[in-house]
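Please read it alongside the structure shown below.

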Amino acid sequence: MGLTGPSKEQPHSFRRKLLPWTLYACLPILLIRLYFYPLPLSLFPADQINTITNSITNSIVLNPSSSSSPPLKVEEKTHVEVACDYTNGKWEHDKKGPLYNGTNCGTVKEGQNCMSHGRPDMGYLYWRWRPKQCQLPRFEPNTFLQLMRNKNLAFVGDSMARNQLESLMCMLATASTPNLFYTDGEENKFRKWHFPSHNINVSIYWSPFLVKGTEKSDDQNYNSLYLDSVDERWASEMDHMDMVVLSVGHWYLHPAVYHYENSVLGCHYCPGLNHTEIGFFDVFGKAIKTTLKAITERRGPSGKRIGVIVTTFSPAHFEGEWDKFGACPKTRPYEDGDKQLEGMDADMRNAEVREIDAAKENAKRFANLRLEALDVTKLALMRPDGHPGPYMHPFPFANGVSERVQNDCVHWCLPGPIDTWNEILLDIMKRWEG
């Protein structure tokens, strides 16, 4: 076939090309005219002003050139706020309930599977945290997966980090099935999953101090911490991490000897040892400082972007002895004002936030390094109803109430309040992108 003749639509095409240039020529004249002889806006109804403005904007943005290329796509941006005080809010009753069912999520640790272990009350599932200064959307698994596409996410810390990780995995599994491809350590404390749908790796690293340490054992009834050295069990793989969530705290309450710069700094509850007794709040702060300094020094100059989230201390809710019936008996959240953040819980949280703020200031030198506190201490304090309690074991009262009843008033049922931690995590990620 030969070349075809000129298109019959050529005059129309010429007019379409000429229109944007006419607007470009008229716009300066119009602006000069309005500058010297402004018209009162009251001459135009508000809706007419909006129509005129939108017409001019669309003509310029959607027709930026006279070429026949398709118009530019204008993407909507949401969550443009720089920050939100997630701690200022309250728990409100919510009829929708959780995103997933704990009985059919394969990554839930047995001890946090309250539903399958026979917990009779389900009211703890129907509460949502409502910040006063901003909106906290429900968790959107597809949005999270899209933001993390082709990236590696790591959770590092103690069993609270694992608790948060398993919550996230259950929520993501409602949209995409992960494949477990690596396990290591006692109770699988080191695990890695892959989401083939978005090429995402999610890992958990057991590191209850974040810094180098030796856990207590039968031969040594105290922990040994080296506060000036980061734990290389996870830090050695830092170069492969695009986002890391750090979460520790409760192991710092245990007896320990603290080492710093090749000498013993002191200890916590170490009778029989010739060491100075010191509090663990400053020690905890030093460990956070060492960890964030290591990340900043190793990743800041590299140019490869990394996001660092520190989940703050999560208070326990023991009432009475831990091995007696009714150790954490609440079935509803505290009302706003019923419970104050104070004492040890406040001191642990403040030690973290202080070091995070200092690290954020230091990280301003590097455009590729983002740090944020996932400040959940107050949110957690208000939820005494969300722990497994005796239902850390299946049907603990099937044969009546025994004299000793082991209770977990530290970790969270899955599903449960800790799902909110990941809603905030996603909201922070969206604000970073926005």
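In β2, P131 is the bridge partner of G89. The model is predicted: local features need pLDDT of at least 70, side-chain atom pairs count only at pLDDT 80 or more, and totals for chains, interfaces and linings use all residues. Residues are numbered from 1 along each chain as its sequence is written, and side-chain values use heavy atoms, with hydrogens and water left out.

**Strand pairing**
- Strand β1 (residues 89–93) runs antiparallel to β2, joined by five bridges; strands are DSSP runs of E of at least two residues, and helices runs of H or I of at least four, numbered from the N terminus.
- Two strands pair if DSSP finds at least two bridges between them.
- Four of the five residues of β2 (residues 127–131) are buried, that is, under 20% relative accessible area, with exposed over 50% and partly exposed in between (1.4 Å probe, protein chains only).

**Salt bridges**
- The count is 18 salt bridges, each a side-chain nitrogen of Lys or Arg within 4 Å of a carboxyl oxygen of Asp or Glu.
- D336 pairs with K132 in a salt bridge, with the closest N and O atoms 3.7 Å apart.
- D336 lies in the loop between β12 (306–311) and α7 (343–363) and K132 in the loop between β2 and α3 (141–147), so the pair ties together parts 204 residues apart in sequence.
- D336 is partly exposed at 43% relative accessibility, whereas K132 is exposed at 54%.
- R191 forms a salt bridge with E166 (closest N and O atoms 3.0 Å apart), and both residues are buried.
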